[in-house]
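Subject: Structure for you to look at

Hi there,

Here is the structure I promised to pass on. Have a look when you get a moment, and my notes follow below.

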Amino acid sequence: MLVSKSKSKTCVGIRKKVVIFVMIITLTISNLVMSQVDHRTAAKKRYMKEKVRKMFYHAYNNYMAHAFPHDELKPITKTYTDSLSELGNLKLEHLPQNYKGSALTLVESLSSLVIIGNNTEFERAVLWLSENLSFDVDARINLFECNIRLLGGLVSAHILATDSTNRLAPEVYKNQLLILAEDLGQRFLHAFDTPTGLPYAWINLKYGVMEDETTETSTSGCGSLILEMGALSRLTGDSRYEAAALRALRKLWSMRSPLNLVGTTLDVVTGEWLEYSSGIGAGVDSFYEYLMKAHILFGGEEFWEMFHPAYLAVQKYFRHGPWYHDADMRTGRATYWQLTSLQAFWPGLQVLLGDVAAANSSHREFFSVWEKFGVLPERYLLDRGMMHPTEKYYPLRPELAESTFYLYQATKGRYFLH
């Protein structure tokens with residue numbers, strides 16, 4: 001049957017209109033569905049945001065009510081611990097008299113108060129610390145812990161107190177936190193007075209390194225100081241802090257094996273390795289973390305020139321599929337097949353590096369263990385598929401949360417948000 005050209009054109013025109021109409025309807029429905037999804041996502045975000053806020057204040061308010069100005073709250077007994085001086089002191093010997101701690105939890109909460117938007121409490125806390133906190137105490141403390149928690153907390157809060165968004169009034173804030181941080185940093189310098197430049201793991205805040213102090217330290221202990229001490233130098237103009245931390249880091253890197261691997265523990269006087277088995281977990285973890293973050297924070301190529309071969313060595317000798325085991329730094333042979341909760345920082349580090357696919361792969365394995373137990377156990381035996389018999393606990397470590405946050409920021413995936 002023949003159809004006239006005019007009729008054919010009419011049919012084509014009708015079909016075009018139908019297609020356009022269907023497309024409009026489809027897009028409209030799609031937009032409505034997406035709008036509903038976006039609305040639900042936004043509502044869920046608001047719910048979770050408020051839940052996190054309540055969790056923070058639950059912890060913060062109870063610390064202030066039952067433990068402040070001591071270091072940490074014991075929530076079951078509603079008492080306190082002065083963890084900076086009690087850490088590693090199992091018999092609680094030689095604790096300073098009349099010592100009430102260093103308000104450690106308050107210092108660590110300062111940046112959270114700003115992020116949550118409670119500038120009133122932030123200002124109150126800053127003023128209390130500036131008038132009451134003193135480091136001139138006869139207390140033996142762990143350099144690494146004091147650096148990442150106390151010095152880091154003070155430096156971070158000082159930056160927040162002076163930036164354009166959260167700036168405290170000049171008549172209120174006169175760099176008190178930076179003054180405290182510098183006082184603490186000066187006390188740290190005594191730890192670096194060794195033949196190698198590698199710092200002692202333990203110092204006395206008042207008297208420096210004590211007689212007969214142990215010369216053993218960890219790779220993390222002497223290789224995770226550059227961020228806080230480097231920032232302190234940049235803020236004060238005093239180069240000694242950054243120079244001391246950088247000298248230790250360079251010495252540590254010079255002690256690597258031909259495989260570009262480092263051990264776990266060493267002697268700060270002799271510069272000899274004491275433990276050759278290594279991994280990305282306890283005793284080594286933040287060495288890798290600080291190299292990458294120092295490269296981001298300070299720029300330059302030196303940190304990257306350490307980190308890049310170290311990262312490649314980890315991927316070559318420690319990685320087994322999505323998991324990471326320990327290995328001998330001299331041979332690369334596997335030593336311990338175990339997951340430790342401190343390893344969970346690694347996916348976040350991989351995101352900073354840009355290796356998001358590898359980060360996602362290892363993160364899913366860590367999270368699968370979390371789902372299995374409800375939390376991430378301190379040590380999980382990969383070769384036996386079970387928790388370590390004597391380490392069946394979870395000390396509220398933040399590493400998996402940090403890695404999840406980085407992966408969400410990189411992908412915006414709702415899996416990571418959940």
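Which residues form one aromatic cluster? They are Phe 287, Tyr 288, Trp 304, Phe 307, Tyr 311, Tyr 324, Phe 345 and Trp 346. Please keep in mind that this is a predicted model.

Across the whole structure, a search turns up 17 aromatic pairs. One of them joins Tyr 63 and Phe 68 edge-to-face, with 6.3 Å from centre to centre and 80° between the planes. Tyr 63 is buried, at a relative accessible area of 1%, while Phe 68 is partly exposed at 23%. Tyr 415 and Phe 416 also pair: their ring centres are 5.0 Å apart and their planes meet at 75°, so this pair is edge-to-face. Here Tyr 415 is partly exposed, with a relative accessible area of 33%, and Phe 416 is buried at 9%.

Two other residues may interest you. Phe 188, in helix H6, has 0% relative accessibility and therefore counts as buried. Leaving out residues up to four places away in sequence, Phe 188 touches Leu 143, Cys 146, Asn 147, Leu 151, Ile 203 and Met 229.

Asn 166 belongs to the loop between helix H5 (143-162) and helix H6 (176-188). Its relative accessibility is 12%, so Asn 166 counts as buried. Beyond its neighbours within four places in sequence, Asn 166 is in contact with Val 114, Asn 119, Leu 160 and Ala 161.

Best wishes

Terms used. Residues are numbered from 1 along each chain as its sequence is written. This is a predicted model: local features need pLDDT of at least 70, side-chain atom pairs count only at pLDDT 80 or more; totals for chains, interfaces and linings use all residues. Side-chain values use heavy atoms; hydrogens and water are left out. Helices (H or I, at least four residues) and strands (E, at least two) are DSSP runs, numbered from the N terminus. Buried means under 20% relative accessible area, exposed over 50%, partly exposed in between (1.4 Å probe, protein chains only). Contact means heavy atoms within 4.5 Å. Rings of Phe, Tyr and Trp (its six-membered ring) pair if their centres lie within 6.5 Å; planes under 30 degrees apart count as stacked, over 60 as edge-to-face and the rest as tilted.
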